[in-house]
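Here is a brisk report on one chain.

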Amino acid sequence: MRIDAHQHYWSIDRGDYGWITPQVTTLYRDFTPPDLLLHLQKHQLAGSIVVQAAPTLEESLYILQLADITPSILGVVGWIDFFHGDHIAQLTELNQYSKLVGLRLMLQDMEDSTKVLDPEIIRKIEYYVEREIPLDLLVVANQLDTIIAMLEIFPTMKAVIDHIGKPNIAEGDIDRWSQQMRLISQYKGVYCKLSGMATEANYDNWSYEQFTPYIEHVLHCFGAERVIFGSDWPVCLLAASYDEVMHIVESALPQSWGTEERARLFGFNAAIFYNLVNKGEQDEI
């Protein structure tokens, strides 16, 4: 089963997408399942994992309700507030919907990402680690040290690094990022999404070759068994079309990769990580 394991839907009138302003003309409109369907069909993708795009419980409920009536939505990564309120009550509300497959911990916009290491937050995260609930980790490259510190506390955490940790591809920054990603990859419960790369390059002036060293490093560190493809559509449209995003990844894959490795990257690993297949199916590609 081929899967796009990271994309978004939204309805602007809902009012909780503060980062999508009228000035962001490419994104300032509704994006719904019919808009993605042709891309899924063209690239022979069975469906997608929809990831929350706003830090509100209401937005997560919106996409979970959308998932209930949309067969191509294979799962939803929702959001709960780890910092305020009763996180278990919030999880219970989301768990009313069968397609909840994970939660996203958003560090990206935090001025001080180390606040997730505060004892109170660590106790909350421990609840999810103990239950092996998949966690998407949204970070920028200068926050990867926080992820390393979290993994030192929870070495068995089941997590995936979104958007390869958002290195500054536009400036060619790679050295520090590559060291941190190598350390993170040593934790065998951690996967990495080959997603969100186009928007880390210069929107209007990028080349496929720019992404190759980053992709090659991720593949070297995580191997074919722990990498996951995601388009980051429609956010990717700021810099690249859906077809271009696919080609960014395809053009950097090793020539030695065969059917099995590609099947893992483009769906099987996501199905395992998000528990879309049962134990008996995990050895079948």
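## The pocket and the rest of the fold

Strand 4 (residues 100-106) gives the largest share of the lining of the largest pocket, three residues. Strands (E, at least two residues) and helices (H or I, at least four) are DSSP runs, numbered from the N terminus. This is a predicted model, in which local features need pLDDT of at least 70, side-chain atom pairs count only at pLDDT 80 or more, and totals for chains, interfaces and linings use all residues. Residues are numbered from 1 along each chain as its sequence is written, and side-chain values use heavy atoms, with hydrogens and water left out.

The largest pocket has a volume of about 670 Å³. Its lining counts 29 residues. Nearest the centre of this pocket lie Trp-19, Met-106, Gln-108, Asp-109 and Leu-138. A pocket is an open set of points on a 1 Å grid over the protein atoms alone, with protein on both sides within 12 Å along at least five of seven lines; a cavity is a set where a 1.4 Å probe fits but cannot get out; lining residues have an atom within 4 Å of a point. Points are joined across faces, edges and corners, and the volume is the space filled by probe spheres set on them.

The structure also holds one cavity of 30 Å³ or more. Ser-195, Gly-196, Met-197, Ala-198 and Val-245 lie nearest the centre of the largest cavity. Helix 8 gives the most to the lining of this cavity, with three residues. The table sets out both spaces.

| Space | Volume | Lining residues | Lining classes |
|---|---|---|---|
| Largest pocket | about 670 Å³ | 29 residues | 17 nonpolar, six polar, six charged |
| Largest cavity | about 70 Å³ | 13 residues | eight nonpolar, five polar, no charged |

In these classes, Ala, Val, Leu, Ile, Met, Phe, Trp, Tyr, Cys and Pro count as nonpolar, Asp, Glu, Lys and Arg as charged, and the others, Gly among them, as polar.

Now the chain as a whole. It has nine helices and eight strands. The C-alpha atoms fill a box of roughly 50 × 45 × 40 Å along the principal axes. Buried residues (under 20% relative accessible area, 1.4 Å probe, protein chains only) make up 57% of the 285 residues. Among contacts (heavy atoms within 4.5 Å) with a separation of 6 or more, 78% join residues 24 or more positions apart.

Helix 7 (residues 208-222) has 15 residues, which should span 21 Å at 1.5 Å a residue; the end C-alpha atoms are 21 Å apart, which agrees. The expected span is 1.5 Å times one less than the number of residues. Buried residues of helix 7 include Phe-211, Tyr-214, His-217 and Phe-222. Helix 6 (175-185), strand 7 (190-194), strand 8 (227-229) and helix 8 (242-250) are among the elements that cover the buried residues of helix 7. Just after helix 7, Gly-223 takes a positive phi of about 70°.

Phi of Asp-232 is near 60°, a positive value in a residue other than glycine. Asp-232 counts as buried, at 4% relative accessibility.

Lys-166 is in the loop between strand 6 (159-161) and helix 6. Although not a glycine, Lys-166 has a positive phi of about 50°. Lys-166 is buried because its relative accessible area is 17%.

Note on methods: Buried < 20%, exposed > 50% of the residue type's maximum accessible area, 1.4 Å probe, protein only.
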